[in-house]
Amino acid sequence: MNFFQRQQDVRKLSRRLVLLFTAAVIAVVAVVDLVAFVALGLGHQTASAIFDVLIAVTVLLILVIGLTSLFRTLSLRSGGGGKVARSLGGIRVPEDTADPRLRRLRNVVEEMAIASGTPVPEVYVLPHENGINAFAAGFTPADAAVAVTHGALETLNRDELQGVIAHEFSHVVNGDMRLNIRLMGVLFGLLGLAVVGRILVNTRGDRNPLPLIGLVLIIVGYVGVFFGRLIKAAVSRQREYLADASAVQYTRQTAGLAGALKKIGGLDAGSRLRDKRSEDVSHMLFGEGFSRFTSWFATHPPLEQRIRQLDPTFDPAELAALTQRWRQQPPNGLLEDQSLGLAPPSQLPPPNTAVPVLPSQVIQSIGTATPPQAQRRAGTILDNIPAPFLDRARHPEAVLPLVFGLLMAVDPRTRAAQQHLIAGRFGPAVANTAGQEAQALASLHPVLRLPLAELAFPVLRRRPRPQQDAVLAAIQALVHADGQVDLHEYCLSRLLYRELYESMHRTTPWQGRRAPREAVNQAAATLLSVLADAGQQDRNAAAAAYRAGLAQVVPGAALPFAPVPPVALESVWPVLDGLDGPEKQFLVGGMVTVIGNDGVMTVAEIELLRTVCALLHCPLPPLADTSPEQIAQ
């Protein structure tokens, strides 16, 4: 199952959830209407009077359930994943932390973000939780947060921590976070009935039917929550199997994830959480957070079953032996890291290195960390970013000039116009520093530019809201400065703009929706024209590449090759981002065909493809090998 199929699967689950929620609401309304009919003595009333009363009760119930559910969903969306983590006592891990355990955690998260082609999420630790657990929360990848417990930080070695983080990233990439938020909203809506019921039970008065109705609301509300939690558990178990499989794709090894699960089974603390508020996020957790009186309510598959999926030779008796050993000497993750050793960083290939890439290979890579060694590539990329750039990307004061420097044009005239624009909005000092950064970044390897921007993103999104608005406006203006920005600079600037906008508003800036077929075809043709024009010096070769890609996306369409400047893509994103999974799959295949029409793609072309795919919410991991020796093989 590839990324596009998984996205379709999540949408189907969301639709099924809506149907189940609707069925639950209808059942609840029917029961309460029946009780209201009896309690209010409507049997002796006219049909019109009965109808009016039951309609009023029905509308009131639907408003209570719907508004309560909507309120809960919007409140969870409003603060992003960080709000969920902080509500459980999470403490944010600074980007520039020097603590060895926290530094290791941030490095693993940053590597995983690079490997999966997604924005770097906020990172939190739950300091009072000794069980091994973790969760990812947020409404979009741009406002996501990943939290791990103190127990996971202390006891897991790097491979095991990597497996846990990879599991959580699969929830980010596959769209499970949004589904989880909706599940929490649905349950809260049903629980709202019980809250209203408690209020009615306490009303006083002779021959007052409201306490009886209130009692029914309490019963019905909690029965609804009962069945809602059954639904939540069933959905969660299904997604957990997929997350384990995806984690193996990211890390390309099963030992780390299996090792983490064995430590959960072998340590007395297991994966349990002490904070009772964690029940709300039980379906988001890496491991079962609470003891259940029946497996029906388990949000995760049985632990032994999960381990056996990863390690078919696993014998459950191993857990008893591990428990005895670890009671005498608890595991220490950092000490295990020292015994495992660390691999030295590899070198990056030259920007013009030709890499054989097939469209099918790219399609299968989207939303995963395949092909092989993608996780090692991500580590190599992080190791090859010069330390001064990394330090400035993680520093609140230095990050803004660095980001502006990444987005500034190579053309001197355009760069001068951009500096003038920055000076007018942020002052001469920021503009001058941005110009210096642009000069220093000119020699930065193409493979490192997108990851460096993604590493800077978490620091940017923590700026006060007015400053974020100013940054958004500046990025938008830089794109249009003098109309000479090339395609690489344009796409990177639009990606940063989109991610920052999504973290602020929890929706895309272009509100992608279904468009008429004619508009979709024209938008696809425009994108393919721009890519073909940017990738070929010869116009005939560019036209041939365009036709080859168009034939894959819109077979038989009579849309001539018409190259336009990159800024013409502004009208393209709302249309193409609104496509469903299978349509985006064809589009990505067409883009690969255009860029690699000669059979190979340079490293720089691959990075352009990754940026465009990220703009369309199709995260593509690094494809270019980070070892020249391996490329030569």
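Biologist: Is Tyr-501 buried or exposed?

Modeller: Tyr-501 has a relative accessible area of 18%, and buried means under 20%, exposed over 50% and partly exposed in between, for a 1.4 Å probe and protein chains only. This is a predicted model, in which local features need pLDDT of at least 70 and side-chain atom pairs count only at pLDDT 80 or more, while totals for chains, interfaces and linings use all residues. Residues are numbered from 1 along each chain as its sequence is written, and side-chain values use heavy atoms, with hydrogens and water left out. By the cut-off of 20%, Tyr-501 is therefore buried.

Biologist: Which helix holds both Tyr-497 and Tyr-501?

Modeller: Helices (H or I, at least four residues) and strands (E, at least two) are DSSP runs, numbered from the N terminus. Tyr-497 and Tyr-501 are separated by about one helical turn, because they stand 4 residues apart in a helix that spans residues 487-505. That helix is H21.

Biologist: What is the angle between the planes of Tyr-497 and Tyr-501?

Modeller: Rings of Phe, Tyr and Trp (its six-membered ring) pair if their centres lie within 6.5 Å; planes under 30 degrees apart count as stacked, over 60 as edge-to-face and the rest as tilted. The structure holds 3 aromatic pairs. Tyr-497 and Tyr-501 form one of them, 6.2 Å centre to centre, and this pair is stacked, with an angle between its planes of 20°.

Biologist: Which residue lies over the face of Tyr-497?

Modeller: Tyr-497 is itself buried, at 13% relative accessibility. A charge sits over a ring if NZ of Lys or CZ of Arg is within 6 Å of the ring centre and within 35 degrees of the ring normal. At 4.6 Å from the ring centre of Tyr-497, the residue is Arg-494.

Biologist: To which ring does Tyr-546 pair?

Modeller: Tyr-546 belongs to a tilted pair, 5.4 Å centre to centre and with 40° between the planes. Tyr-546 lies in helix H23 (residues 539-553) and its partner in the loop between H23 and helix H24 (573-576), so the pair ties together parts 15 residues apart in sequence. Both residues are buried. The partner is Phe-561.

Biologist: Which strands stand at the edges of the open sheet?

Modeller: The sheet has 4 strands in the order S1-S2-S4-S3, with mixed pairing; two strands pair if DSSP finds at least two bridges between them. Each edge strand has a single partner strand, so one side of each is left without a neighbour in the sheet. The edge strands are S1 (91-92) and S3 (134-137).

Biologist: Which residue of S4 is the bridge partner of Ala-137?

Modeller: S3 and S4 (residues 145-149) run antiparallel and are joined by 4 bridges. Ala-134 has Val-148 as its bridge partner in S4. For Ala-137, the partner is Ala-145.

Biologist: Which helix packs on the sheet?

Modeller: Contact means heavy atoms within 4.5 Å. Axes are lines fitted to C-alpha atoms, for helices over the stretch in contact, and angles run from 0 to 180 degrees between N-to-C directions. The helix touches S3 and S4, and its direction makes about 25° with that of S3. It is H6 (residues 158-174).

Biologist: How far from Cys-613 is the nearest cysteine sulfur?

Modeller: A disulfide is a pair of cysteine sulfur atoms within 2.5 Å, and the count comes to 0 disulfides. Cys-613 is in no disulfide, and the nearest cysteine sulfur, that of Cys-618, lies at a distance of 5.9 Å.
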